[in-house]
Amino acid sequence: MTGWENFKKGNWQNEIDVSNFIKLNYKPYDGDENFLESKTDKTDKIWNECKKLLKEEFKKHVLDIDVKQMSGIDVYKPGYICKEDDCIVGLQTDKPLKRIVNPYGGIRMVYNELKAYNYELDKDVDKYFNEYRKTHNQGVFDVYTDDIRKARHVGLLTGLPDAYGRGRIIGDYRRIALYGIDRLIEEKQKDLKNLKGIMTDELIRQREEVSEQIKALNKIKNMGLSYNIDMSKPAKNAKEAIQFTYFGYLAAVKENNGAAESLGRVDAFLDIYINRDIKNNKLTEKKAQELIDNFIIKLRLIRHLRTPEYDELFSGDPTWVTCSIAGMTKEKKHMVTKTSYRIIHTLTNLDTSPEPNMTILWSKHLPDNFKKYCAKMSIETDAIQYENDDLMRPIYGDDYAIACCVSAMRVGKDMQFFGARCNLAKSLLLALNGGIDETKREKVLDNIDKMNDEILDYSKVKKAYFKVLEDVAEIYSSAMNIIHYMHDKYAYESSQMALHDTQVHRYMAYGVAGLSVAADSLSAIKYAKVKPIREDGITVDFEIEGDFPKYGNDDDRVDDIAVEILDKISSELKKHQTYRNAETTMSVLTITSNIVYGEKTGSTPDGRKAKMPFAPGANPMHGRDSSGALSSLNSVAKLPYEKCCKDGISNTFSITPNTLGENLEIQKQNLVNLLDGYFSKNAHHLNVNVLNRQTLIDAMNNPEKYPLLTIRVSGYSVRFNRLTKKQQKEVIERTFHEKM
């Protein structure tokens with residue numbers, strides 16, 4: 001097979017085993033960034049055309065929508081940016097930035113999406129999805145219980161994927177390049193033949209799903225042929241390897257409007273093909289960078305059609321094309337390659353950008369040159385996040401990737417049932433108010449006694465709070481089981497799952513919001529005097545007498561409370577049976593829904609007033625981490641990853657340039673030292689913003705001066721000018737560390 005010429009032989013030839021292929025064939029790179037090339041004239045032409053379209057899209061918010069066709073892998077005609085210059089081809093539809101209608105998730109959502117942008121659905125599509133086809137959203141709401149509806153209504157559960165694609169499934173898109181689609185179909189046909197026995201519900205469903213996966217692989221091949229590209233056999237060179245990998249990802253985003261359809265881990269894999277071509281004089285470094293630049297351009301053009309309500313939860317029109325870079329092998333051999341550099345270098349060649357969501361799998365053993373390069377690019381672009389490979393590798397092995405922001409999965413072997421998050425702060429208020437919501441004054445939970453104490457008693461409040469968390473866990477678990485049962489039934493991701501092993505391991509990924517509010521509130525009750533202010537028997541505010549320890553200052557008195565809360569809600573969630581026996585995990589991650597959660601939550605015992613935003617993710621509340629950068633990081637590092645929060649712990653960290661050092665060289669080294677130190681404490685994740693508050697204030701008031709300003713928000717990046725004024729103000733109010 002010419003596609004495998006000069007590759008080292010191994011188990012990967014006999015089985016679908018991309019990891020084995022990579023480890024046998026990739027070449028680690030210890031050098032610096034001096035080999036990198038600027039963009040070619042061809043890339044410049046393509047990117048300039050894209051910038052015009054992006055500028056027009058920004059004015060209109062949505063450039064165009066295809067209302068005549070339903071989402072699908074091979075239903076759209078070929079699309080190009082500049083047909084004669086595109087090195088890597090393929091768009092979601094027939095034109096750049098034209099968005100897809102996906103009614104399989106829910107026809108009501110489609111109406112809302114189109115109405116928001118003054119479009120109308122094609123009458124034939126409309127009729128089909130009203131008269132003949134049930135959607136995921138309809139299935140979910142047919143089954144939801146009153147308890148779930150109430151929890152959803154008051155904001156106890158928010159962001160549930162009951163009306164949009166669940167996402168967080170990483171297809172192993174590399175398989176198409178390494179094996180060709182014919183081999184992948186052949187392997188799936190073998191699996192289908194071996195799925196036999198007593199026809200239980202699970203076995204019947206699995207046989208049907210594998211059949212759908214085979215159909216999806218044929219559709220991916222057809223999509224490629226529409227561009228005159230044959231993916232039936234393995235890729236023969238670097239250009240084909242990148243193209244085939246991209247087509248696999250493109251199929252996923254044509255078929256599904258997922259919350260976070262991540263790219264996976266492709267740097268070492270693609271580097272193998274690039275090295276072979278360069279060695280054989282078939283490719284130059286300049287052309288190699290051109291291929292990567294064009295690949296990244298295509299990823300930056302991925303779009304989904306979403307409602308304004310969705311944008312309130314997940315601001316900035318993100319797609320979370322998360323690209324995991326570097327890391328180590330289990331044998332402690334680093335996986336930094338020249339293509340790791342090439343991918344990050346697109347932030348220079350193509351301007352800084354939120355997408356793809358570049359995620360460095362950080363290890364203390366990564367080469368110093370690469371660490372410093374990453375630090376430099378963080379300082380210059382604020383477009384990179386870091387996750388602790390030394391923490392995750394012992395759990396997931398060395399071929400895992402990050403979905404969305406912080407969710408680790410073995411590529412092609414794990415998938416995730418994503419499920420947004422529950423409101424820990426509102427849960428505390430429900431404990432004080434006898435299960436009655438403090439804002440809507442509606443009964444949400446039964447069998448919770450209302451507290452009438454003049455001064456809140458810590459032991460009593462904690463006992464009631466933990467009882468509420470037990471009830472919340474039961475409701476949350478039921479909602480998740482319903483959502484994912486219906487998603488598999490009505491909106492199954494056949495193309496992504498076709499690029500997984502047939503016997504896949506599943507995660508049920510819960511989430512929490514408002515951790516720092518809940519921890520500080522319990523701390524205030526324990527260490528100060530907190531007097532409830534009541535109206536009509538409902539606690540609506542609090543008077544606080546005295547000081548109390550605040551999460552984010554490396555103070556075990558309150559940090560231990562945060563850990564105890566996480567341990568309680570995690571252990572309660574693990575008690576419940578999950579759909580398809582998925583492994584229960586949990587994240588501390590809010591995206592930008594920390595603002596929406598705050599708006600739905602009344603005043604809390606920590607002094608936060610009603611409707612004020614929560615801190616994002618696992619962050620301390622704005623301004624309360626007053627003891628310096630390291631103390632703030634130390635508090636977050638105490639949160640237990642593997643025991644409680646295996647789906648990820650998001651920490652968004654802002655530090656001023658002067659705090660890092662007086663010049664770039666010192667800043668780079670200090671940021672490297674900060675990351676090494678933070679992750680050595682078993683911390684999981686860090687978003688890094690290196691900027692001054694005044695810059696953001698100026699950008700809010702004079703957006704035309706900062707068209708490309710990119711910031712990390714909570715697990716992902718956004719263009720600052722894509723946020724609403726309310727969201728911009730919340731980011732500005734966060735802590736900007738001015739001392740270490």
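Tutor: About 690 Å³ of space lies in the second largest pocket; a pocket here is an open set of points on a 1 Å grid over the protein atoms alone, where a 1.4 Å probe fits, with protein on both sides within 12 Å along at least five of seven lines, and lining residues have an atom within 4 Å of a point. Volume means the space filled by probe spheres set on the points, joined across faces, edges and corners. This is a predicted model, with local features needing pLDDT of at least 70 and side-chain atom pairs pLDDT 80 or more, while totals for chains, interfaces and linings use all residues. Residues are numbered from 1 along each chain as its sequence is written, and side-chain values use heavy atoms, without hydrogens and water.

Student: Which element gives the most to the lining of the second largest pocket?

Tutor: Elements are DSSP runs numbered from the N terminus, with helices (H or I) of at least four residues and strands (E) of at least two. Helix 2 (41–60) and strand 19 (717–719) each supply at least two lining residues. The top contributor, with seven residues, is helix 2.

Student: What is the volume of the largest pocket?

Tutor: Its lining has 43 residues, and those nearest its centre are Arg 133, Lys 489, Tyr 490, Ala 491 and Tyr 492. By class, the lining holds 17 nonpolar, 12 polar and 14 charged residues. The volume is about 930 Å³.

Student: Which helix supplies the largest share of the lining of the largest pocket?

Tutor: Three helices each bring at least two residues: helix 3 (107–116), helix 9 (201–226) and helix 18 (458–490). The largest share is nine residues, and it comes from helix 9.

Student: How many of the residues count as buried, in percent?

Tutor: Buried means under 20% relative accessible area (1.4 Å probe, protein chains only), exposed means over 50%, and partly exposed lies in between. Of the 740 residues, the buried share is 66%.

Student: Which peptide bond is cis, with omega near -10°?

Tutor: Look in the loop between helix 14 (338–349) and strand 5 (358–362), where Pro 356 sits. The cis bond runs from Glu 355 to Pro 356.

Student: Is Asp 536 buried or exposed?

Tutor: Asp 536 lies in the loop between strand 12 (529–535) and strand 13 (538–545). Its phi is positive, about 55°, although it is not a glycine. With a relative accessibility of 73%, Asp 536 counts as exposed.

Note on methods:
Ala, Val, Leu, Ile, Met, Phe, Trp, Tyr, Cys and Pro count as nonpolar, Asp, Glu, Lys and Arg as charged, and the others, Gly among them, as polar.
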